[in-house]
Amino acid sequence: SAFQSFLKAREQEALTRQADWLKLIEVLDPDSLKVLEAEKMKLNQLPDLSRFTRLRSLRLTQNELKHLPASLFKPDSLESIYLDQNKLSKLRFPANPSVKVLTLHDNQLKRFPRDIRKLKNLKILDLERNQIKRIPRFLIRMDSLTELNLNFNQLRLNKWSFKRLSKIKKLSIGGNKLSQLPGNIDKLEAVTNLNLGKNQLK
């Protein structure tokens, strides 16, 4: 069918881009590269990127990545990490005080990666469209985190959840099939922007 032909052509295009990118990576100057991008390339694993120690931004969205080495997130110049639309179910991070933005929407995470705690200055965390159920205890100690997107997960909230979110200014928990909220919503002390849309609240 025409649609099958279209999909096949698109896949071939992605594989061509992947091959070109893998060749390019071998010749790039690691000292001058600040932004590393590999998007829509059907990558299911990465070559060794450890020599790129001066990265500011890492964009690996719309691939088929299931595992990433923690060393990838080590450069102390790294400020933003975009890993959306992959197949990640777990992630490890080294301690890195420079990372401020981490986006992981449309992956296969069932819980917050625990190592997120090591990103002490993280400000924005996007976990939309995963399978997360719980708000972890460590979140309350992440003093820099002000924006959290948990739209379209499988959240189950209890009285501890809002206490753990008390420092978040922009909170999105829409599309979680929530039928009611814990009674202590006043614990969301810092919230200035709250998205509860597409739930089942009465």
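Biologist: Is D115 buried or exposed?
Modeller: In this predicted model, D115 counts as buried, because its relative accessibility is 11% and buried means under 20%.

Biologist: Which side chain does D115 meet in a salt bridge?
Modeller: The partner of D115 is R92, with a distance of 3.0 Å from N to O. D115 lies in the loop between β4 and β5, and R92 lies in the loop between β3 (80–82) and β4, so the pair ties together parts that are 23 residues apart in sequence.

Biologist: And R92, buried or exposed?
Modeller: R92 counts as exposed, because its relative accessibility is 54% and the class begins over 50%.

Biologist: Which residues are linked in a network with R92?
Modeller: R92, D115 and K118 are linked in a network of salt bridges.

Biologist: Why can such side chains pair at all?
Modeller: Side chains of opposite charge can pair when their charged atoms come close.

Biologist: How many salt bridges does the structure hold?
Modeller: The structure holds six. One of them joins the side chains of K167 and D143, at 2.6 Å from N to O. This pair links distant parts of the chain, 24 residues apart: K167 is in the loop between α2 (159–164) and β7 (170–172), while D143 is in the loop between β5 and β6 (147–149).

Biologist: How exposed are K167 and D143?
Modeller: K167 is partly exposed, with a relative accessible area of 35%. D143 counts as exposed, at 55% relative accessibility.

Biologist: Let us turn to a helix. Where do E13 and R17 lie?
Modeller: Both residues lie in helix α1 (residues 2–27), and they are four residues apart, which is about one turn of the helix. E13 forms a salt bridge with R17, and their closest N and O atoms are 3.5 Å apart.

Biologist: What are the accessibility values for E13 and R17?
Modeller: E13 has a relative accessible area of 48% and is partly exposed. R17, at 31% relative accessibility, also counts as partly exposed.

Biologist: New topic: which residues form the positive surface patch?
Modeller: The patch is formed by K90, K110, R111, R114, R117, K120, R134, R137 and R141.

Biologist: Take R111. Where does it lie?
Modeller: R111 lies in the loop between β4 (101–103) and β5 (124–126). D115 lies in the loop between β4 and β5 as well.

Biologist: Is R111 buried or exposed?
Modeller: R111 counts as exposed, because its relative accessibility is 61% and exposed means over 50%.

Notes: Residues are numbered from 1 along each chain as its sequence is written. This is a predicted model: local features need pLDDT of at least 70, side-chain atom pairs count only at pLDDT 80 or more; totals for chains, interfaces and linings use all residues. Side-chain values use heavy atoms; hydrogens and water are left out. Patches are made of residues with over 30% relative accessible area and no salt bridge: like charges are joined within 9 Å, nonpolar side chains (Val, Leu, Ile, Met, Phe, Trp, Tyr) within 5 Å. Accessible areas come from the Shrake-Rupley method with a 1.4 Å probe; for residues, only the protein chains shown count as cover. A salt bridge is a side-chain nitrogen of Lys or Arg within 4 Å of a carboxyl oxygen of Asp or Glu. Lys and Arg count as positive and Asp and Glu as negative; His and the chain ends are not counted. The place of a charge is taken as NZ of Lys, CZ of Arg, CG of Asp or CD of Glu. Helices (H or I, at least four residues) and strands (E, at least two) are DSSP runs, numbered from the N terminus. Buried means under 20% relative accessible area, exposed over 50%, partly exposed in between (1.4 Å probe, protein chains only).
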